[in-house]
Amino acid sequence: MTQNYRITLLPGDGIGPEIMEVAQKVLTIVGKKFDLQFEFQQALIGGAAIDATGEPLPAASLDMCRNSDAVLLAAIGGYKWDSLPSHLRPEAGLLGLRAGLGLFANLRPAKILPQLIDASTLKREVVEGVDIMVVRELTGGIYFGKPKGIFTTETGEKRGVNTMAYTESEIERIGRVAFEAARKRQGKLCSVDKANVLEVSQLWRDRITHLSQEFPDVELSHMYVDNAAMQLLRNPKQFDTIVTGNLFGDILSDAAAMLTGSIGMLPSASLGESNPGVFEPVHGSAPDIAGQDKANPLAQVLSAAMMLRYALNQQNAADYIEKGVLQVLHRGDRTGDIMSKGMNLLGCRAMGEALIQSLEE
Ligand code: NAD
């Protein structure tokens, strides 16, 4: 029986529309193969929304996102809007979307593709076979804890304050997402904290350990964040799934991503409790190459695959897209950002066509 899904597309700014066009075509082709019918609806966000409506996230866009099964976002931002006040800048649209959909879990895979192993700055033997998922808490911790601000002390000196705080329920809900993700992978979860120094981390460790009773099939370990940073560079293959708070996750997910050395290849997912999740590439809007048909569309396409896997539970269709991406890379097709000697240099559109051809074969 045909499954119907309503997908909100947010192309945004810069290279966004170019890479979104490829992802939409890929979804349509794969839908036909797996009996999935996609109803696409497009909405404005970021600079494009500011130009059209004066706001980075118009209410109509958020409504459309809420009223769908999943949201596929490209990227926002660009030089044109950099001098606007912060609440009117494109980034405010992204923050508004996360808050409006209650997206508290950010999933960032870092997988070394055999064809791109030499794009990593680390030695081949260190990164070969790396396949890590970082699950980062997104709406709590030190970025949101109160009190926060710059205050003046009794002596007239300025004092900057942020507060790292997590409640038990905040820890448990991100923990649950991470255990579930580990279950879909190799069944190993490493929880990263700083429990030797921070009370908030002691509570984190305690609740994650308690939660592990519900997931006896997942092997849980704990690591201090300083050691985790070191181990990611020393022996990244030891990790399968990592769960951590907002600040540590911000840093570790970028470090893990860079093991792969290719920003144009990295997808991500942000999930909430009841609202639809948002799936987007890790990279930004790349204004330096926008409109020049030079962008790599594969992170956007792999974000669509993540959407199929995590929001729509269509594992086979997700696998099919991921295999298609490997196939074009295996054939030697490359965009500029992942180009190496002897390979075929393609533009964004041609890379999309090459991928679609391999998916149709
Ligand atoms: P960026 O990721 O846009 O670009 C960094 C570099 O990587 C650039 O040289 C760019 O050309 C290249 N690059 C990025 N994606 C690529 C792709 N798919 N194919 C080929 N090359 C690619 O980061 P930046 O330059 O720091 O930021 C540019 C704009 O994007 C800013 O306005 C920033 O605020 C915004 N931004 C948005 C998001 C988002 O939408 N989630 C994330 C990061 C940055």
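Two strands are taken to pair if DSSP finds at least two bridges between them; strands (E, at least two residues) and helices (H or I, at least four) are DSSP runs numbered from the N terminus. The model is predicted, so local features need pLDDT of at least 70 and side-chain atom pairs count only at pLDDT 80 or more, whereas totals for chains, interfaces and linings use all residues. Residues are numbered from 1 along each chain as its sequence is written, and side-chain values use heavy atoms, with hydrogens and water left out.

The model contains an open sheet of 10 strands with mixed pairing, in the order E2-E1-E3-E12-E11-E4-E5-E10-E8-E9. Strand E2 (36-42) and E9 form the edges; each has a single partner strand, so one side of each lacks a neighbour in the sheet. From one strand to the next the twist averages 25°, where axes are lines fitted to C-alpha atoms (for helices over the stretch in contact) and angles run from 0 to 180 degrees between N-to-C directions.

Within this sheet, strand E8 (residues 188-193) pairs with E10 (residues 241-244) in the parallel sense over 4 bridges, and serine 191 has valine 243 of E10 as its bridge partner. E8 is also joined to E9 (residues 219-224) by 6 bridges, again in parallel, with cysteine 190 partnered by serine 221. Of the 6 residues of E8, 5 are buried (under 20% relative accessible area; exposed is over 50%, partly exposed in between; 1.4 Å probe, protein chains only). An antiparallel pairing is found between strand E4 (residues 105-111) and strand E11 (residues 267-271), over 3 bridges; here asparagine 106 stands opposite serine 270.

Helix H7 includes tryptophan 204, which is buried because its relative accessible area is 3%. The C-alpha atoms of tryptophan 204 and arginine 334 are separated by 43 Å, the two residues being 130 apart along the chain.

Leucine 345 belongs to strand E14 (residues 344-345) and counts as exposed because its relative accessibility is 56%.
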